[in-house]
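The sequence and the coordinates are shown first.

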Amino acid sequence: MVNCSLLVSLRVCLERHPPLVTFFLCLLSLAVAFGSFAAYLQSHDVPNPDVKEDWNSLLTSLAHLTFCIPNKTHEDTSTSSPSAAAAFHTTVSVLVGLTFELQNGTYPANGTHLALTITGRDLGLKGPDAQEPIHLVIAIVNSLPHESCLSIIAPSSLLPKTRQPPKCVMRERGVHPEEPGLCYQSHYQADPALSSMLDQADRALCSQRLLLTTVFLLCLCVMLCCMAGLCSPAPRDKRGQI
């Protein structure tokens with residue numbers, strides 16, 4: 001009888017207080033969402049939100065640019081620029097999965113050199129050195145597995161501080177049948193090994209706090225149900241009234 005009375009009082013409270021019902025459903029939805037996210041963190045890798053720029057994001061920005069075969073003038077300029085800014089710029093040569101092709105689907109031959117000079121703002125970078133020039137030189141190592149040696153000459157503040165791709169050696173440019181000034185569109189597919197993820201300890205800590213929040217919200221939901229069942233009077237049966 002007591003349980004039946006509590007259920008009837010709870011039903012009356014739900015019918016007479018729609019805002020309380022809405023608040024209860026919001027708390028319950030938050031509890032389910034936090035609990036699901038905690039379970040997801042325990043079994044999946046999650047990007048580190050504290051890292052704003054990694055090598056994947058940098059190479060993805062380069063994939064929207066067009067690289068051209070340098071002519072003699074451009075090659076002399078690009079080779080003289082590093083010595084002029086050697087005190088302020090850093091040279092990094094890494095092996096990346098950038099691919100290049102013409103509009104007709106033609107790939108450049110092995111050993112082809114492509115060059116481009118841009119600024120940090122062109123890549124969406126911010127900071128006091130964002131307007132400094134960035135010299136990019138790419139040597140096609142192997143066109144079939146799509147491996148390229150990328151040499152970046154830029155201020156160190158613009159380069160990612162996360163895990164780097166494998167290093168490579170930029171070789172001298174050879175003689176190729178491609179005409180100087182011929183441009184290729186670049187493409188890049190993100191490499192999961194270069195993404196900055198949360199480590200196991202951080203994921204366990206986040207999951208623990210989310211589970212504690214879930215338990216707290218569920219306790220609030222139970223308290224609301226108990227208060228609604230105890231504080232709301234059950235309706236009297238009119239047939240029993242004189």
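The torsion about the S-S bond of C68 and C183 is about 95°, so this disulfide is right-handed; a disulfide is taken as a pair of cysteine sulfur atoms within 2.5 Å. The model is predicted: local features need pLDDT of at least 70, side-chain atom pairs count only at pLDDT 80 or more, and totals for chains, interfaces and linings use all residues. Residues are numbered from 1 along each chain as its sequence is written, and side-chain values use heavy atoms, with hydrogens and water left out.

**Disulfides and other cysteines**

Across the whole structure, two disulfides are found. C68 in strand β1 and C183 in strand β7 are 115 residues apart, and their bond links distant parts of the chain. Helices (H or I, at least four residues) and strands (E, at least two) are DSSP runs, numbered from the N terminus.

Because C149 lies in strand β6 and C168 in the loop between β6 and β7, the pair ties together parts that are 19 residues apart in sequence.

| Disulfide | S to S distance | Torsion about S-S |
|---|---|---|
| C68 to C183 | 1.8 Å | about 95° |

With the bonded cysteines numbered in sequence order, the pairing is 1-4, 2-3. Accessibility is classed as buried (under 20% relative accessible area), exposed (over 50%) or partly exposed (in between), using a 1.4 Å probe and protein chains only. C68, at 22% relative accessibility, is partly exposed, and C183, at 31%, is partly exposed as well. Both C149 and C168 are buried.

C26 has its closest cysteine sulfur in C221, at 10.0 Å, which is too far for a bond. C26 is partly exposed at 43% relative accessibility, whereas C221 is buried at 5%.

Helix α3 spans residues 55–62, and its buried residues are W55, N56, L58, L59 and L62. Seen down the axis of α3, these buried residues fall within an arc of 160°, so they line one face of the helix; the arc is that of the directions from the helix axis to the C-beta atoms. Their cover includes strands β1 (66–68), β2 (90–96), β4 (113–119), β5 (133–142), β6 (147–154) and β7 (183–187).

The largest nonpolar core has 30 residues, of which L62, L98, L136, L150 and I152 touch the most other members. Such a core is a set of buried Ala, Val, Leu, Ile, Met, Phe, Trp, Tyr and Cys residues joined through side-chain atoms within 4.5 Å. Two or more residues of this core come from each of α3, β2, β4, β5 and β6. Beyond its neighbours within four places in sequence, L136 is in contact (heavy atoms within 4.5 Å) with residues including L62, F67, L114, L150 and I152.

**Aromatic pair**

One aromatic pair is counted. The ring centres of F67 and F100 are 5.4 Å apart and the planes stand at 80°, so the arrangement is edge-to-face. The rule pairs rings of Phe, Tyr and Trp (its six-membered ring) with centres within 6.5 Å; planes under 30 degrees apart are stacked, over 60 edge-to-face, and the rest tilted. F67 in strand β1 and F100 in strand β3 (residues 99–101) are 33 residues apart, and their pair links distant parts of the chain. Both F67 and F100 are buried.
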